[in-house]
Amino acid sequence: MLSKEDISVKTFLLLAVVATVVAGLAGTAMAQADLQVPYPFFYLIKAKVDATKVNAYQEALAKVVEAHKQHDSGNNWAAFSQLFGGPEAIFYFFLPTQKLGEIDDWLPNTKVVADIHGEAAAEKIFRTLGESSKSMSKILAYAPGLSNPDPAWTGTVPAFVYHIQVKAEPGKAADYASLVQKMVAANKDHPKGMHWTGYSVLAGGETGEFHFFVGMQKLGEMDAWPMGSEVLVDKYGEAETEKLLSALPQVSKAQDELLAHVPESSNPGPTP
């Protein structure tokens, strides 16, 4: 028989999460007031920074922030850093966009910085960023069938974010999605059910890659999350819940991390 103690909170959250990440980094302005919530798309940048060069990276990034604040086509974004990681420092930048085609119209980041600080200074800034970090970008698309969004959320920037990246095994993306859909149904019907949004990767990642985010204003909010398999058991019973959770590691692999908002590395704009 399955007991609640047998199912870790981490395993439970591989399917039940709340996505409250807002704005991100790119090279142009974004009229956030026109965006829907949950956001249809995210342009996500992840930067891995050499532990010995974090100060230089942040000083150069501060110049980028300053340029976007002053430029007529400057962009708004929220930055997050990884907690409890290592050895390198990890930063994330999120850009919400209404339409994929808008990405082609973005003013290059280098142009924004050069317009404000001058070409020579901009070259130095981006050389420092390049020498101190390695970055990668992805385009995420909202997956409504895998989501149970909070209708009360309006885009408030969270102080902390619990992030889970899931990669379905080859040929198992549909099986993984089916498990998430069962979690959606269970949480919609439960008084303690969680609200979340799920995103799949359109570009820059692997086939069958999904991202989930839990937003919090205080880390202590994690203590109020449903314990173990409580929601699933109440919906499907112990036997079906055990079958569902046993199938999860057979069709997917997941990595999780805790992120903290970095206001000084962000350029916040109006929320939707």
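Figure 1. His68 lies in helix H2. With a relative accessibility of 2%, His68 counts as buried (buried means under 20% relative accessible area, exposed over 50%, partly exposed in between, with a 1.4 Å probe and protein chains only). Residues are numbered from 1 along each chain as its sequence is written, and side-chain values use heavy atoms, with hydrogens and water left out. Because the model is predicted, local features need pLDDT of at least 70 and side-chain atom pairs count only at pLDDT 80 or more, whereas totals for chains, interfaces and linings use all residues.

**Figure 2. Packing of helix H2 against helix H3.** The axes of H2 and helix H3 (residues 109–117) cross at roughly 80 degrees and come within 9 Å. Helices (H or I, at least four residues) and strands (E, at least two) are DSSP runs, numbered from the N terminus. Axes are lines fitted to C-alpha atoms, for helices over the stretch in contact, and angles run from 0 to 180 degrees between N-to-C directions. H2 and H3 are therefore roughly perpendicular to each other (angles under 35 degrees count as roughly parallel, over 145 as roughly antiparallel, 65 to 115 as roughly perpendicular and the rest as oblique). From H2, Lys63, Val64, Glu66, Ala67, His68 and Gln70 meet Asn109, Val112, Val113, Ile116 and His117 of H3; contact means heavy atoms within 4.5 Å. By class, this contact has five nonpolar, four polar and two charged residues (Ala, Val, Leu, Ile, Met, Phe, Trp, Tyr, Cys and Pro count as nonpolar, Asp, Glu, Lys and Arg as charged, and the others, Gly among them, as polar).

**Figure 3. Packing of helix H2 against helix H4.** Helix H2 (residues 54–70) packs with helix H4 (residues 119–132) at an angle of about 140 degrees, their axes being 9 Å apart. That angle makes H2 oblique to H4. H2 contributes Ala56, Tyr57, Ala60, Leu61, Lys63 and Val64 to the contact, and H4 contributes Ile125, Thr128, Leu129 and Ser132. Seven of the residues in the contact of H2 with H4 are nonpolar, two are polar and one is charged.

**Figure 4. Packing of helix H5 against helix H7.** The axes of helix H5 (residues 173–189) and helix H7 (residues 238–251) come within 10 Å and cross at roughly 145 degrees. Asp175, Tyr176, Leu179 and Lys182 of H5 make the contact with Glu240, Leu244, Ala247, Leu248 and Val251 of H7. The contact of H5 with H7 has six nonpolar, no polar and three charged residues.

Figure 5. Ala79 is placed in strand S2 (residues 78–83) and, at 0% relative accessibility, counts as buried. Ala79 and Ala260 are separated by 181 residues in sequence and by 8.4 Å in space, C-alpha to C-alpha. Leaving aside residues up to four places away in sequence, Ala79 touches Tyr92, Phe93, Ala260, His261, Val262, Ser265 and Ser266.
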